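Colleague: I would like to go through this model with you, term by term. Could you tell me what each word rests on as we go?

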Amino acid sequence: IDHMHTVIRENWNDTVHPGDVVYIIGDVSFGTLDQTVRYLSTLNGSLHLIAGNHDRNLVTHKNALLSRNIFASIAHYRIISLKDKRQVHMHHCPLECWPRQARGAAMLYGHCHGSLREYGPPMLRWDVGIMTELVNYRPLSEDRLIALINEREALIREDNYNCRDHH
């Protein structure tokens with residue numbers, strides 16, 4: 001486990017600069033609160049937690065973690081806009097349907113640790129857990145995410161698939 005922590009920390013800090021904004025999509029640690037805080041303090045960036053099912057201890061101590069600047073925010077669901085103005089919805093568990101999905105909004109999740117098998121037409125949805133093949137133990141950059149979205153949108157257009165927005 002020490003080797004895994006070292007690899008993740010080195011890859012993280014090689015990818016993320018101190019001022020970068022990073023969204024962690026849950027299941028941060030099985031360690032104690034003190035162990036988790038010590039480890040997170042070694043990672044570059046302004047960390048925003050999208051809480052997962054194994055983050056109850058972090059949510060319980062939310063105010064202390066925010067006041068100590070361990071996290072810049074802690075939430076269960078988050079919507080951001082990328083530099084290309086596209087919306088990205090983030091939730092620890094994968095959603096089948098999310099607002100503005102039919103208008104190009106993407107969904108990022110982490111709960112499945114790479115085990116969810118996609119079915120049906122392609123969607124703008126990705127498992128971005130740090131251990132998935134997609135990210136290879138590194139945070140996913142905004143530029144890489146935009147490229148992934150553009151590639152998937154091209155496939156969707158090629159297949160002539162139109163998602164219906166029921167909202």
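Modeller: Gladly! Two strands pair if DSSP finds at least two bridges between them; strands (E, at least two residues) and helices (H or I, at least four) are DSSP runs, numbered from the N terminus. This is a predicted model, where local features need pLDDT of at least 70 and side-chain atom pairs count only at pLDDT 80 or more, while totals for chains, interfaces and linings use all residues. Residues are numbered from 1 along each chain as its sequence is written, and side-chain values use heavy atoms, with hydrogens and water left out.

Colleague: What makes strand S5 and S6 a pair?

Modeller: Three bridges join S5 (residues 87–91) to S6, and at least two are needed, so they pair. The two run parallel. Histidine 89 stands opposite methionine 107 in S6, and methionine 90 opposite leucine 108. On to the next neighbour: S6 is joined to strand S7 (residues 125–127) by three bridges, also in parallel, with leucine 108 opposite tryptophan 126.

Colleague: Why are S4 and S7 said to stand at the edges?

Modeller: The open sheet has four strands in the order S4-S5-S6-S7, with mixed pairing. S4 and S7 each have a single partner strand, so one side of each has no neighbour in the sheet. From one strand to the next the twist averages 20°, taken between N-to-C directions (0 to 180 degrees) of axes fitted to C-alpha atoms.

Colleague: Which way do the residues of S6 point, and are they buried or exposed?

Modeller: Ala106 and Leu108 point one way from S6 (residues 106–109), Met107 and Tyr109 the other way, and all are buried. Buried means under 20% relative accessible area, exposed over 50%, partly exposed in between (1.4 Å probe, protein chains only).

Colleague: What does S2 pair with?

Modeller: S2 (residues 46–50) is joined to S1 by four bridges, and they run parallel. Isoleucine 24 stands opposite leucine 49 in S2. An open sheet of three strands runs S1-S2-S3, with parallel pairing; S1 and strand S3 (73–75) are its edge strands, each pairing on one side only.

Colleague: What makes a group of residues a nonpolar core?

Modeller: A core is a set of buried Ala, Val, Leu, Ile, Met, Phe, Trp, Tyr and Cys residues joined through side-chain atoms within 4.5 Å. The largest one has 18 residues, and Trp12, Ile24, Leu47, Leu49, Leu65 and Phe71 have the most contacts inside it. H1, S1, H2 and S2 each give two or more residues to this core, and H2 gives the most, with four.

Colleague: How is the lining of the largest pocket divided?

Modeller: The lining has 26 nonpolar, 14 polar and six charged residues. Asp, Glu, Lys and Arg count as charged; Ala, Val, Leu, Ile, Met, Phe, Trp, Tyr, Cys and Pro as nonpolar; and the others, Gly among them, as polar.
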